[in-house]
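Subject: A structure for you to look at

Dear colleague,

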Amino acid sequence: MCAANEWLDKQLDHRTIREFKDQAVPEEIVDQLAEVAMRTATSEGMQMASIIRVKDPDKRQAIAEVGKQEYIARAPELWIFLVDTYRNQQIAEREGRENLAAHQLERFLQGYSDAVLMAQNVNNAVESLGMGAVFLGSIQNNMGQMIDILDLPALTAPVLGLAFGEPNQSPQLKPRMPKSLRFFEDTYHLPEDAESLLEDYDQEMTTYYDLRDANRRVDSFFKQVGDKMENRRPRREALIDDLRKQGFNISRAREE
């Protein structure tokens, strides 16, 4: 079997796009991408993820401020992917069932994985159409504020954002670690030459130019990791409080 095809080539050439042409995505394409999202694999068939397409300029600006990335407000399309156990809670109540599971960690994690899979599926489809996209983990900078901006009901929570449209930049392909450092068989085991492989990768990263600051090379990978692992972000540490306010127990299931 030949592994080469256009779809794989697109995925292997994945680049993050943060600047877009001032050009709307046609509604028929938006509808197709929404259908792609709906067809994404979902845990137990429960479909515990939803999407909010953000069009309101004030909401977009507020989300850009949460993410500390002004380009978010200018992107042609801005979608926010949610954990959503609210809908199934409503169905259970309609069926007259005692509803205990909607609040539990298990269901939250199922919804979380559903939402991430949906976002990646949509991103793949966007790139297959020749457009570009950027994932927005930055919406987690302040989950409570995102919940207010999007007026989310209980048992929902924002997971990831995706901004996309026609690219207005052509960034350098960002280096990745050697596969042997991240892809294993049967058990987790780093190769014997892991240290030298990491050092080579660290050097390679210093040759990469990130278009967010196109006039200088990025810091070494080691320095980036060290800075981020050392840097505590208090507001993000409050995520569990935000989730509890939304009705997620994030605790053991109720004992019989």
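The notes below go from the overall build to the strands, and then to the charged side chains.

Please keep in mind that this is a predicted model, in which local features need pLDDT of at least 70 and side-chain atom pairs count only at pLDDT 80 or more, while totals for chains, interfaces and linings use all residues. Residues are numbered from 1 along each chain as its sequence is written, and side-chain values use heavy atoms, with hydrogens and water left out.

**Overall build**

The protein has 10 helices and 4 strands, where helices (H or I, at least four residues) and strands (E, at least two) are DSSP runs numbered from the N terminus. Along the sequence these elements follow the pattern α-α-β-α-β-α-α-β-α-β-α-α-α-α. Taken along the principal axes, the C-alpha atoms fill a box of roughly 60 × 45 × 45 Å. Of the 256 residues, 39% count as buried; here buried means under 20% relative accessible area, exposed means over 50%, and partly exposed lies in between, with a 1.4 Å probe and protein chains only.

**The strands**

Two strands are said to pair if DSSP finds at least two bridges between them. Strand E1 (residues 49-53) pairs with E2 in the antiparallel sense over 5 bridges, and the bridge partner of Ala 49 in E2 is Val 83. E2 also pairs with E4, again in the antiparallel sense, over 8 bridges; in this pairing Ile 80 stands opposite Gly 161, and Leu 78 stands opposite Ala 163.

E4 is largely enclosed by the rest of the structure, because 10 of its 10 residues are buried. Strand E3 (residues 132-136) runs antiparallel to E4 and is joined to it by 5 bridges, with Val 134 standing opposite Ala 163.

Leu 105 lies in helix H5, residues 105-128, and counts as partly exposed because its relative accessibility is 32%. Leu 105 and Asn 249 are 144 residues apart in sequence, and yet 6.5 Å apart in space, C-alpha to C-alpha.

**Salt bridges**

Side chains of opposite charge can pair when their charged atoms come close. A salt bridge is counted when a side-chain nitrogen of Lys or Arg is within 4 Å of a carboxyl oxygen of Asp or Glu, and a search of the whole structure finds 8 of them.

One of these joins the side chains of Arg 15 and Asp 13, at 2.7 Å from N to O. Arg 15 is partly exposed at 27% relative accessibility, and Asp 13 is partly exposed at 38%.

Another is formed by Arg 53 and Glu 27, whose closest N and O atoms are 2.8 Å apart. This pair links distant parts of the chain, since Arg 53 belongs to strand E1 and Glu 27 to helix H2 (residues 27-38), 26 residues apart. Arg 53 has a relative accessible area of 29%, so it is partly exposed, and Glu 27 is partly exposed with 40%.

Arg 94 forms a salt bridge with Glu 95, with 3.4 Å between the closest N and O atoms. Here Arg 94 counts as exposed, at 71% relative accessibility, whereas Glu 95 counts as partly exposed, at 48%. Finally, Glu 19, Glu 70 and Arg 74 are linked in a network of salt bridges.

**Charged patches on the surface**

Charged patches are made of residues with over 30% relative accessible area and no salt bridge, like charges being joined within 9 Å. Lys and Arg count as positive and Asp and Glu as negative, while His and the chain ends are not counted.

A patch of negative charge gathers Glu 192, Asp 193, Glu 195, Glu 199, Asp 200 and Glu 204 on the surface. Asp 193 is found in the loop between strand E4 (156-165) and helix H7 (194-205), and it counts as partly exposed because its relative accessibility is 38%. A patch of positive charge gathers Lys 174, Arg 176, Arg 182, Lys 228 and Arg 233, and Arg 176 has its place in the loop between E4 and H7.

With best wishes

Terms used: Patches are made of residues with over 30% relative accessible area and no salt bridge: like charges are joined within 9 Å, nonpolar side chains (Val, Leu, Ile, Met, Phe, Trp, Tyr) within 5 Å. Accessible areas come from the Shrake-Rupley method with a 1.4 Å probe; for residues, only the protein chains shown count as cover. The place of a charge is taken as NZ of Lys, CZ of Arg, CG of Asp or CD of Glu.
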